[in-house]
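Open the model in your viewer and follow the stops below. Each one says what to select and what is there.

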There are 2 protein chains.
Amino acid sequence: MKKFAVVMAGGVGERFWPKSRRHMPKQFLNLGGKDSLIQRTVSRLEKVFLPEDIYLVVSSKHMPLVKEHLPHIPENNIITEPVGRNTAPCIGLAATYLKKKDPEGTMIVLPADHMILDEEKFLECVRKAVDIASSHEILVTIGITPTRPETGYGYIQISEAINSEEPAVHKGIKFVEKPDYHKAVQYMDNGNYLWNSGIFAWKISVILKKIDEFLPDLYKGLEELDKCSDIYKLKASLERVFPSLPSISIDYGVMERVSDIAVLRGSFGWDDLGSWTALSENLPKDENGNIIEGNFVGVEVENSIISSSSVLIAAIGVKDIIIVEADGAVLVCHVSQAQKVKEIIDKLKQKGETKYL
Amino acid sequence: MKKFAVVMAGGVGERFWPKSRRHMPKQFLNLGGKDSLIQRTVSRLEKVFLPEDIYLVVSSKHMPLVKEHLPHIPENNIITEPVGRNTAPCIGLAATYLKKKDPEGTMIVLPADHMILDEEKFLECVRKAVDIASSHEILVTIGITPTRPETGYGYIQISEAINSEEPAVHKGIKFVEKPDYHKAVQYMDNGNYLWNSGIFAWKISVILKKIDEFLPDLYKGLEELDKCSDIYKLKASLERVFPSLPSISIDYGVMERVSDIAVLRGSFGWDDLGSWTALSENLPKDENGNIIEGNFVGVEVENSIISSSSVLIAAIGVKDIIIVEADGAVLVCHVSQAQKVKEIIDKLKQKGETKYL
């Protein structure tokens, strides 16, 4: 029985604008590192999985980028979505695809654009998640021990640990949506809430059965793809079938509705890098608390994030500021407002400034 | 007896970096207007002086810019300084040059890079200053009624008004250096202190006599230039003589040492545009108190100055911020720190980043 890793890399990552763009989503950026996030994600998995068992789901329009960043991944291991349809169709598509490789197989799915600081601990969790998933008929996920009352993540409520050895395994009680600050503090204090990492492991047959049960419309579409006699025909049918699938997350479509979930407690320095501010929580800073990339001169600049691609950035007398230049655009944003980058993108859409999207 | 206007345009204007550069000083920028500051200065003077009586003193390396901005000024009316030597040598050179045109003539000298809002009132002052200078053996200057306790300007202490008609004429008591804030408030309250505008009128013979009296080294250099039999030879001698002249301002070298000064009180909306912040004191703002030039999108941006030459600037959740992009550099500066742009330039010099100077 084969064990597959599936990297979900279809996201657009608007929140790292102006560095992330439609043609250059977050997973292809080298945020706080030498390699891009997708390169780091695949490289980590190569320590556990055979190269031929690592699959990617990407947007078809980013294929040139994927080939540039991961030239060693065989083309047949890259599944392309003609349009984005959130994680449930993405996962369903990968399961349908891998079923043809080994219907008894197990898969772990992971986002391509997260930051992981302690690789060893992370890989331990991955191994254990796949082991549990391959030997049980249950859904497995990795939850992250919260390090702050974060309101930008979903949480998983868990029971007491089932085992004592690291990483601990808990029974999942409930997936909960992003809380307000008050609730997030309660979750921290309670201790039985973990961050939802978006990493899941299961047998291919098990997740497809759950999709059939909870998302019948999606399942019907996947069945149509499944009829294709081989992988090449499946790829060809995607253009027709995929756009008609319902756009829904696996969290909302499946995980929130099932009761038999195993949750591994992960403590490996994880962040989904949801905004520029996340960098300051994960990267080393200079003596003034600044994170600096590119050509910069500063006078009295504190606790700021500076990133320049091609210009000289000079700053004077500012603190808690994000200054990012990329590809003909400059963002200046207070760190407390980094979530509002989406409002800038909305305004640019309204103004028809497509070259900056 | 001829009346000349001399526009001093040799300055470098570092304080509007990154828009002002060595190759593009402030007087060639169109700060808050359609035309450049030097174009606006000359255009104002053309309403009082014959075109052939308007002269410019410029840095030789900016000649191409001068010709581009002022193509109608005859080349013989443009006096070039091979190096910058502050205002006393600049004025001495112009006086020596104009003496060959009319030794009995009167000249008014004005900086090229100041902003003037009420042109009519300004021209009244200019006419009156030249009239007084041409009929008396005294130095005349225009002082500006202060509108705020500005610490960035020098002041002139004046006596009671000599006449009652507008613009009032006062006897100058003392030129005083830039005050601290406490003193500046006292000057405002006192009412007998005006801002030093750097605009002066006098007979050519009178200013040369004062230079001979107070700045003998400079006078000696000017005499050598004066020996040249014609203007063409004078121009040729400049390269040799000018660099050896003492670098000193006319304020410090002459005005602070003489007692017979007539001061016209000017109230015509004047600003020497000493920093980016000066723009917000002189230009109309949008409903959020912002001054915006170029391609900009903002979310919750207040009381800020935004200027883009070629990129899109986006800002979120900032106030009292200067954001300027020009020629491969971006400045982000708190409005209260705009004077520190010079520190950025010093750092760039230290780092050898000459292409940004």
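**A guided tour of the dimer interface, sheet and helices**

Start in chain B: select B:Ser308 and find its bridge partner in S16(B), which is B:Glu325. Bear in mind that this is a predicted model.

**Stop 1: the pair around that bridge**

**Stop 2**

**Stop 3: strand S15 of chain B**

Is S15(B) mostly covered or mostly open? Select residues 312-319 of chain B: seven of the eight residues are buried.

Next, pick out the neighbours of S15(B). From chain A comes strand S17 (residues 329-334), which runs parallel to S15(B) and is joined to it by five bridges. From chain B comes strand S13 (residues 296-302), parallel to S15(B) and joined to it by six bridges. Here, click B:Phe296; its bridge partner in S15(B) is B:Ile313.

**Stop 4: the contact between the chains**

Show both chains and colour the contact residues. On chain A, 30 residues are in contact with 30 residues of chain B. Which elements give two or more residues to the side of chain A that touches chain B? They are S13, S15, strand S16 (321-326), S17 and helix H11 (341-350) of chain A. S15(A) gives the largest share, seven residues.

Then compare the two sides. Of the interface residues of chain A, 100% are also interface residues in chain B, so the copies meet through the same surface.

Chain A can be laid on chain B with an RMSD of 0.0 Å, by a turn of 180 degrees and a shift of 0.0 Å along the axis. The two copies are thus related as by a two-fold rotation axis.

**Stop 5: helix H3 in chain B**

Move to helix H3 (residues 87-99) and helix H6 (residues 204-214) of chain B. Their axes come within 10 Å and cross at roughly 135 degrees. H3(B) and H6(B) are therefore oblique to each other. Their crossing is left-handed.

Show the side chains where the two helices meet. H3(B) brings B:Ile91, B:Gly92, B:Ala95, B:Leu98 and B:Lys99. H6(B) brings B:Ile204, B:Ile207, B:Leu208 and B:Ile211.

Step back to B:Asn86, in the loop between strand S3 (78-81) and H3 of chain B. B:Asn86 has a positive phi of about 65 degrees, although it is not a glycine. Is B:Asn86 buried or partly exposed? It counts as partly exposed, with 18 C-beta neighbours inside 10 Å.

**Stop 6: helix H3 in chain A**

Switch to chain A and select helix H3 (residues 87-99) with helix H7 (residues 216-226). They pack at an angle of about 30 degrees, with their axes 10 Å apart. That makes H3(A) roughly parallel to H7(A). The crossing of H3(A) and H7(A) is right-handed.

In H3(A), display A:Ala88, A:Pro89, A:Gly92 and A:Thr96. These meet A:Leu218, A:Leu222, A:Leu225 and A:Asp226 in H7(A).

**Stop 7: backbone details in chain A**

- A:Pro18 sits in the loop between strand S1 (3-9) and helix H1 (37-45) of chain A. A cis peptide bond joins A:Trp17 to A:Pro18, with omega about 10 degrees.
- A:Pro167 sits in the loop between strand S7 (155-161) and strand S8 (169-176) of chain A. The bond between A:Glu166 and A:Pro167 is a cis peptide bond, with omega about -15 degrees.
- A:Asp320 lies in the loop between S15 and S16 of chain A. A:Asp320 is not a glycine, yet its phi is positive, about 55 degrees. With 18 C-beta neighbours inside 10 Å, A:Asp320 counts as partly exposed.

How values were computed. Residues are numbered from 1 along each chain as its sequence is written. Chains are lettered from A and ligands numbered from 1 in the order in which they are written. This is a predicted model: local features need pLDDT of at least 70, side-chain atom pairs count only at pLDDT 80 or more; totals for chains, interfaces and linings use all residues. Copies are superposed by least squares on the C-alpha atoms of residues with pLDDT of at least 70 in both. Two residues are in contact if their C-beta atoms, placed from the backbone, lie within 7 Å. A residue is buried if 20 or more other C-beta atoms lie within 10 Å of its own, exposed if 12 or fewer, and partly exposed in between; C-beta atoms are placed from the backbone. Helices (H or I, at least four residues) and strands (E, at least two) are DSSP runs, numbered from the N terminus. Two strands pair if DSSP finds at least two bridges between them. Axes are lines fitted to C-alpha atoms, for helices over the stretch in contact, and angles run from 0 to 180 degrees between N-to-C directions. Angles under 35 degrees count as roughly parallel, over 145 as roughly antiparallel, 65 to 115 as roughly perpendicular and the rest as oblique. A crossing is left-handed if the near helix is turned anticlockwise from the far one by less than a right angle, and right-handed if clockwise.
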